[in-house]
Structures are given as C-alpha cells and as structure tokens.
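I opened the model to look up a few side chains and their surroundings. My notes follow in the order I took them.

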Amino acid sequence: MQFLTSILAAGIALSELGHCVPVQDSPRQRLLDGKPLRSNLRKTKNSPPYTPGNKDPYDNAIDAVGNKLDPLPYRNGLGASVLGPWNGARSRQSPDLVRPPSTDSGNMKNMRWSFADSHIRIEEGGWTRQTTVRELGSSVELASVNMRLDQGVIRELHWHKEAEWAYVLDGEVRVTAIDYEGGSFFDDLKKGDLWYFPSGVPHSLQGLGENGTEFLLVFDDGGFSEESTFILTDWLAHTPKSVIAKNFNLAPEVFAHIPEGEKYIFQGSVPGSIDEEKPSGKGFKKSKYKFTHKMLDQVPKKTSGGEVRITDSKNFPLSKTEMHWHPNADEWSFFIKGRARVTIFGSEGTARTFDYVPGDVGIVPRNMGHFVENIGDEPIEMLEVFRADEFRDFSLFQWMGETPKKMVIDHLFADDPENGEKFWAKVQTAEKDEVTKPDFEDETAEEVHTDEL
C-alpha cells in the first residue's frame, strides 16, 4: 500500500507541474485565494476505523493489534460510543466481536478460547493447562492440554481412556510407551514432530535438551480432564503394600517409602541416549508400532498463498487404530503464529466472526462453511485437528468450477451476466487452493495510519 501511495503522490506532483498557465477559477487558484473547492471537486477521505464517520460497505479486515487501534462499536453510520467499563486489550484482540461484519447474524455459540484464560497447574519443573468442553462449550469432540517440561522433567507414567495426539511446539522430548502386545517404544522428538497413543496405551514424556520442551496434546473427547488420567504412583498409593509385594514377588518392606500420592510432573535424572537407557532384560521386545511421525519432514503442498502439510492415516498409519469415526468431523484449530479472523456460516441465516492470536483455540463444527483470513503483518501458522482417520474437505472454489456453468450463473449472476462471465473464467479450472493469495488489488481496503487517530 505504501508503494502504491507513493506512485499516486508522484503522479499528482507531475500533473501539477504541467499546469503552467493559471486559470482564474481553477481548483488550485481557489485554494490559493482561500476559497473552498466546489463540492464536486472535493476529495472526501474516509474517517478512521471505529469512528462514527467510517464507511466500509465490504467489511474489510482491520488489524487492531498491529495498527494499535481501539475498536469501538461503530459501523457504517450505526452504533455509539462506550460509556461503561471497557477492556481495551481484549477488544483489540477480538475487534470483530466489538464491530462485527454486517454479514454476521443469528445466535451462534462461542467458537474461540485463549489458553491465556485457562488455569495453569504448576509443578516441579513444569506446568500444564487445558481447554476442554468446560472452558469452550462448543468443543464437544476434542479437548487439549498445553504442557511444559524442563530438562529432565518427567510427566510420569500414565494412561487414559482417550486417545492422545500431540504436536511438539518447541524443544525436545523423549516419549516411551508399551503397546497392547507388550512391545516397548522409545523415540526422541523435536519441534514439529507428532505422536499418537491409542486409548489405554501406557506412556511417559520427558524434557530433553537445555530448555526441555513444550507441546500440545489433543484428546478425542471434549470432556477429557488432565486431572483424570490413570497415574502409576497414584495407583500404587491406593493399593495395599501386601498386594504390591505379591505382585512383584518382593517383601512388603521394599515398598515402605514409595510415594504416598501422585507425582504427576517432577524433576527426574537427565537421561542418556535411547540405546543406553532402554531395558536389556530377556523379556524386552521392540514394539512393531510406530507411535511418532516427523511432520515437518513431509514435502508440503504449495499453494498460491502458502503451504499445507496433511498428516492422517495415509502417511501415519497408526493414527487409524482408534481414530475411525465418521469423516465429517469438527475442526479444532490452534494458532501458533500470526493474527487471523474466521467467519463461520451455520445455515439458517446464522454467521459469526471471531479473531484469533497465538495461543488461541478455535472450533468449527462439522459441515459449517468458513474461511481463515490473515489480518496481520506476518504469516499465519496454525494446526487443524480432526477426529477422523482421513482429512476431507470441500472447496467452494472447486465446487463452483465443477458445477455446470448455467447452474452457477443462474444461482449467482442471473441479473449480471457480464460479471457472471468473469466469475466463470476464474473458477472453471476447478483446482483446489487450500491457502489462497488473491491476485487482485482490493481498492476498497483501507490503509490505516495510527497518527490520524
């Protein structure tokens, strides 16, 4: 936008140099004489966003955070100021809730939650926080946990009835597990790697490297609770020592000082390599399952606006073991980088727009149409998770291109055949473009300058 502005400014300067002979009633002469321009010559400038005089018939996105704006409920001559208490920081993060697009309508559930609003459980060398159906009522199919483990810190041996999918946000982590057939699994993971543990598989996690690790866990039940996992020390603390002694064929005195309750997250010894640490007993056997996947090693699909990596049962076969629900699944998103707005269309004339910043969780219920728009000054990096063994979606662009031309024109351009032809020329290639970069310049989009406010 700055480049275009400078070109226009240069053009104006050149045109003024061309007027060598003054005209008595020219716009320039009227200004020199202190007279106002005639109304048909005045260049009207739109008022800044979020002010009573601002006009935006196309509902363009505004980056309130990047432009340091304070959103207020004004839109196209409607609305009023705020007299009561006002959380300015929150309104900047969610400007489309303060001034929703004119296309929003109806009574749709909240589809956004920030991990910053989740309670943090602080433990020795780590912490954890969760977003479940209790925090985000629309997240009925999936729940999530954000966990941090410092170097050597262990999320103790445990299991749960829900399947667990994970993405390493940063650092390094060692995962251990034992499969249904008694096979042992070990792997060291780094940023961008995944793991998947089916329901009931016992496992543990330990931070590696100088700074340990931070990761995101996703569970296939919105009602999941990190407090309800089955933990080794908690189980033994609630089992008579006589029973424990018989189970391990040792004297009860051996277990006199085992933990009296769960350890959950605790500082452990910094481990050596996997080869140094793995068991060497005669009963040890290696698992035939691969519970981890190097997602960033996948060759991405290049699109006009970015790139996409899809991991499902086609390239991570184990993820099909438990995840075999109906393919039309809710979309659960986690925003890692950038700022976005998402409008969700829910049929029956309902639609609602939400804004997302890093650390936010979003839900799009199955079958609801939606888009994700980058409104910031950096690329968006986000995870999309589905409770399904294969990724499936429908592209509106592709749908239009694979529908008979007359059908499309009759639906959308019956009264405007000229623009109907332009539309058809664009969509008839029928190629899906998951991340789209428009190749036209939006002349209605505003260039926002904070010094005007």
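Entry 1, aromatic pairs. I searched the whole structure and got 14 aromatic pairs. The model is a predicted one, and I kept that in mind throughout. I took Phe219 and Phe224 to begin with: their ring centres lie 3.7 Å apart and the planes meet at 15°, so I logged the pair as stacked. A pair counts as stacked when the planes are under 30 degrees apart. Phe219 has a relative accessible area of 1%, so it goes down as buried. Phe224 comes out at 0% and is buried too.

Phe413 sits in the loop between α9 (405-412) and α10 (417-427), while Phe423 belongs to helix α10, so the pair ties together parts 10 residues apart in sequence. Are these two residues buried or partly exposed? I found Phe413 buried, because its relative accessible area is 17% and the limit for buried is under 20%. Phe423, at 25%, is partly exposed.

I looked up where Glu331 sits and found it in strand β17, which covers residues 331-337. Its relative accessibility is 8%, so I recorded Glu331 as buried. Which side chains make polar contacts with that of Glu331? I found Ser333, at 3.3 Å, and His370, at 3.1 Å. I then listed what Glu331 touches beyond its neighbours within four places in sequence: Gly362, Ile363, Val364, His370, Glu384, Val385 and Phe386.

I looked for nonpolar surface and wrote down a patch of about 290 Å², made by Phe248, Leu250 and Val254. Leu250 lies in the loop between α6 (241-248) and β13 (265-267). Its relative accessibility is 44%, so Leu250 counts as partly exposed.

Notes
Residues numbered from 1 in each chain as written. Predicted model: local features only at pLDDT ≥ 70, side-chain atom pairs only at ≥ 80, totals over all residues. Heavy atoms only, no water. Helix = DSSP H or I, 4+ residues; strand = E, 2+ residues; numbered from the N terminus. Buried < 20%, exposed > 50% of the residue type's maximum accessible area, 1.4 Å probe, protein only. Polar contact = N/O pair within 3.5 Å; in protein donor to acceptor, adjacent residues only side chain to side chain. Contact = heavy atoms within 4.5 Å. Patch = residues over 30% accessible without salt bridge, like charges linked within 9 Å, V, L, I, M, F, W, Y side chains within 5 Å. Areas by Shrake-Rupley, 256 points an atom, 1.4 Å probe, with all protein chains shown as cover. Salt bridge = Lys/Arg side-chain N within 4 Å of Asp/Glu carboxyl O. Phe/Tyr/Trp six-rings, centres within 6.5 Å; stacked < 30°, edge-to-face > 60°.
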